[in-house]
Structure formats: C-alpha cells, structure tokens
Amino acid sequence: MPVRQALAFVLALALPAGLRAQQEPHRDSVAAVINFGLINTAGNTSTTSLNGDYAVSYLTGYWTFSQLLAVVYGKTNGAVTAEEYRGGIRAEWAVSRCLSFYGLGNYYRNRLGGIDHRYEEGTGLLFKAIDQPKQTFNLEAGVSFLQETPVTDPQNNFTAPRAAAFYKHLLGKTAFFSQAFEVLPDLRRSKDVRLNTETTLDAPLSTRIALKVAYVVRFDNEPQPGFKKTDRYLTSGVQVSL
C-alpha cells in the first residue's frame with residue numbers, strides 16, 4: 001500500500017476516536033532541561049570528553065511544541081575520537097486523551113560515523129498505551145522523509161516508515177528510568193534499516209538538580225564503506241531543570 005494511502009487510512013480510523021474522547025486543553029506552561037557532562041585529563045594522556053543537551057517544551061491548548069539541541073564530543077591526544085551533533089523540533093496536537101498527531105524536523109551530523117549531515121521531516125500518530133502517575137508508555141507510527149549526505153558517497157534521499165516507542169517508570173517520588181526506541185527502514189532497500197535506542201536513569205539531588213546516566217545505541221545495517229554498523233555512547237552528567 002502506498003505511503004499516502006496508508007496514512008489516510010490510519011487518520012480515518014483515528015479521528016472518530018478523537019471525537020469520542022476529547023483531550024482537555026493544556027494550561028500554558030514551559031519546561032526546560034539542561035544536561036551537561038565534562039571529563040578532562042592531562043599528563044601522560046590528554047583527554048577531553050563533553051556531552052550536553054538542551055530541551056524545552058511549551059504546552060498551550062491542545063498543542064505541545066518542543067525543541068532539542070545535543071552534542072557529544074571527545075578528543076584524545078589531539079585527535080577527535082567522538083563528534084555528534086543533533087537538533088530537532090516537534091509539534092503535537094491532541095485529538096483525544098490517548099491519541100495525538102505529531103510533526104517533526106530533525107538534523108543529525110556524525111562524520112566519524114559516516115554521516116556529514118542528515119535532515120528529516122516526518123509526521124504520524126502518537127498513542128498513549130499507558131498513562132499512569134508512575135509509568136507511561138507511548139507508541140508512534142508514521143512516515144519520515146530523509147535527505148542524507150554521507151562522508152564518502154553521493155547524497156541519499158529516501159522515504160522511511162517510522163515506528164517508535166517510549167517507556168518511563170518512576171523509581172521514587174522523582175527518580176525515573178526511561179527507554180526510547182526508534183526504527184527507520186528504507187522503503188527502497190529492505191536491508192537498509194536504521195535503529196536508535198536510548199536508556200536513561202535520572203536520580204534527583206534536589207528539586208532542580210539531578211544526576212543523569214544515558215546509554216545510546218545508533219545502528220545502521222548498511223553503513224557507508226569503511227564504517228561500522230553500530231555507534232554506542234555512555235554519558236553521565238548533571239541535569240538542571242529550569
């Protein structure tokens with residue numbers, strides 16, 4: 001089934017559900033979080049490792065708008081050993097208590113992983129499978145359009161159905177564990193599948209400051225020639241809620 005027809009079919013099924021159980025409008029609110037980690041050594045070895053990100057979300061009426069900027073950078077004895085940049089914007093419109101439409105735009109750069117830069121525009125549905133005080137579980141399904149410029153090969157533009165899941169569980173009053181998962185298979189080449197996961201543990205020290213540990217895996221089943229399929233990052237640092 002063509003992508004446009006599939007989306008139209010999903011939307012036709014979703015709209016009646018949204019009309020039956022309308023989401024209560026949000027009160028206007030803004031939330032921002034900054035994560036920062038730094039390691040620097042000198043002497044027999046010279047190492048610098050930096051990871052940081054900034055996320056902000058704005059809720060108004062039935063809309064949620066969010067933005068993310070993130071960087072991972074590492075240098076050992078003068079040579080860059082890790083360098084990844086990410087940026088993204090996203091909008092969600094709630095049509096029911098458990099269903100929303102989303103639209104997103106992302107930027108990604110990781111030359112050490114074979115990607116000079118990549119742009120993504122996508123849209124789809126978000127379903128809240130579990131929405132409880134101590135745990136949430138969201139499922140997403142949609143389609144993304146990607147424009148990728150590899151380090152070695154010509155530009156690669158492709159369409160990918162997108163599936164994602166996010167789980168969050170409170171371990172106490174404020175500490176939590178979360179797991180995010182995303183898969184993007186290329187429609188033209190069945191073996192060209194991209195998969196991203198992020199596991200996070202957040203332990204607050206106060207109402208606004210916390211310690212955060214994250215383990216990120218980025219998998220590309222058909223990487224550029226000379227590059228490996230998997231990149232892994234284990235980061236830790238301080239989180240500040242604004």
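Select Asp-192 and Arg-194 to start: their side chains make a polar contact at 3.0 Å. A polar contact is a pair of N or O atoms within 3.5 Å; within protein, one must be able to donate a hydrogen and the other to accept it, and residues adjacent in sequence count only if both atoms are side-chain atoms. The model is predicted, with local features needing pLDDT of at least 70 and side-chain atom pairs counting only at pLDDT 80 or more, while totals for chains, interfaces and linings use all residues. Residues are numbered from 1 along each chain as its sequence is written, and side-chain values use heavy atoms, with hydrogens and water left out.

Strands here are DSSP runs of E of at least two residues, and helices are runs of H or I of at least four, numbered from the N terminus. Is Asp-192 buried or exposed? Asp-192 counts as buried because its relative accessible area is 0%; buried means under 20% relative accessible area, exposed over 50% and partly exposed in between, with a 1.4 Å probe and protein chains only.

Now show what Asp-192 touches, leaving out residues up to four places away in sequence: Asn-156, Leu-184, Pro-185, Asp-186, Asp-220 and Glu-222. Contact means heavy atoms within 4.5 Å.

**Asp-220**

From that list, select Asp-220, which belongs to strand 11 (residues 209-220). Asp-220 is also buried, at a relative accessible area of 12%. Its side chain reaches the backbone nitrogen of Glu-222 at 3.1 Å. Beyond four places in sequence, Asp-220 is in contact with Asp-192, Val-193, Arg-194 and Lys-229.

**The barrel**

Switch to a cartoon view. Twelve strands form a closed barrel in the order 1-2-3-4-5-6-7-8-9-10-11-12, with antiparallel pairing. From one strand to the next the twist averages 20°, where axes are lines fitted to C-alpha atoms, for helices over the stretch in contact, and angles run from 0 to 180 degrees between N-to-C directions. Strands of a sheet pair through backbone hydrogen bonds, either parallel or antiparallel. Two strands are taken as paired if DSSP finds at least two bridges between them.

Colour strand 7 (residues 135-150) and strand 8, an antiparallel pair with 14 bridges. Leu-146 has Phe-158 in strand 8 as its bridge partner. The two strands are joined by a hairpin of five residues.

Strand 8 (residues 156-170) pairs with strand 9 in the antiparallel sense over eight bridges, and five residues lie between the two strands in their hairpin. For a point of reference on this pair, pick Lys-168, which stands opposite Ser-178 in strand 9.

Move to strand 1 (residues 26-41) and strand 2 (residues 47-61), which run antiparallel and are joined by 14 bridges. Phe-36 stands opposite Gly-52 in strand 2. In the hairpin of these strands, with five residues between them, select Gly-43, whose phi is positive, near 125°.

Strand 2 is also joined by 14 bridges to strand 3 (residues 63-76), again antiparallel. How many residues does the hairpin from strand 2 to strand 3 pass through? The hairpin passes through one residue. Along this pair, Ala-55 has Leu-68 in strand 3 as its bridge partner.

**Asn-77**

Follow the chain to the loop between strand 3 and strand 4, where Asn-77 is found. Asn-77 is not a glycine, yet it has a positive phi of about 50°. Most residues other than glycine have a negative phi, and most peptide bonds are trans. With a relative accessible area of 55%, Asn-77 is exposed.

**Asn-110**

Last, select Asn-110 in strand 5 (residues 99-110). Asn-110 counts as buried because its relative accessibility is 3%. Leaving aside neighbours within four places in sequence, Asn-110 is in contact with Glu-83, Glu-84, Ile-115, Asp-231 and Tyr-233.
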